[in-house]
Amino acid sequence: MMGMGGGDCPFEFNFDAATFKVGDVVSYRVTGSLADMPFVGTLLEVHDDHVVIAGDPNDPAVRYRATRESRPVVDESEI
């Protein structure tokens, strides 16, 4: 289980929203019932006021619009 028993995290995250670029891996959050769980995604688009995150690496059609902040927030209705 990740986070248990030491070891390095297999992901290298960009937490600096000012430097976000397409291809960056980010830790993002989801509102509502999933608010306590961290998620990992890759940025597909970076805009002034939001980002688009790949929600499933095996399905390019799964994309989530999120806030542009250190840990982007996806509205639960997008999931």
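Is glutamate 45 buried, partly exposed or exposed, and what is its relative accessible area? Glutamate 45 is partly exposed, at a relative accessible area of 28%, where buried means under 20% relative accessible area, exposed over 50%, and partly exposed in between (1.4 Å probe, protein chains only).

Before going further, note that this is a predicted model, in which local features need pLDDT of at least 70 and side-chain atom pairs count only at pLDDT 80 or more, while totals for chains, interfaces and linings use all residues. Residues are numbered from 1 along each chain as its sequence is written, and side-chain values use heavy atoms, with hydrogens and water left out.

**Stop 1: the charged pairs**

Strands here are DSSP runs (E, at least two residues), numbered from the N terminus. Arginine 63 is partly exposed as well, at 39% relative accessibility.

Next select arginine 29 and glutamate 69, whose side chains form a salt bridge at 3.2 Å, N to O. Arginine 29 lies in strand β1 and glutamate 69 in the loop between β4 and β5 (73–74), 40 residues apart.

Then move to lysine 21 and aspartate 24, which meet at 2.9 Å, N to O; aspartate 24 counts as buried because its relative accessibility is 9%. A search of the whole structure finds 3 salt bridges.

**Stop 2: strand β3**

Select β3, where 5 of 5 residues are buried. Both faces are covered, with His50, Val52 and Ala54 on one side and Val51 and Ile53 on the other. Threonine 42 stands opposite alanine 54, and histidine 50 opposite threonine 67 in β4.

**Stop 3: the nonpolar core**

Finally, select the largest nonpolar core, which has 11 residues, including Phe20, Val26, Leu43, Val51 and Ile53. Such a core is a set of buried Ala, Val, Leu, Ile, Met, Phe, Trp, Tyr and Cys residues joined through side-chain atoms within 4.5 Å. Strand β1 gives the most to this core, with 3 residues. Centre the view on leucine 43, which touches residues including Phe20, Val26, Val51 and Ile53, not counting residues up to four places away in sequence; contact means heavy atoms within 4.5 Å.

How values were computed
Helix = DSSP H or I, 4+ residues; strand = E, 2+ residues; numbered from the N terminus. Pairing = 2+ DSSP bridges. Salt bridge = Lys/Arg side-chain N within 4 Å of Asp/Glu carboxyl O.
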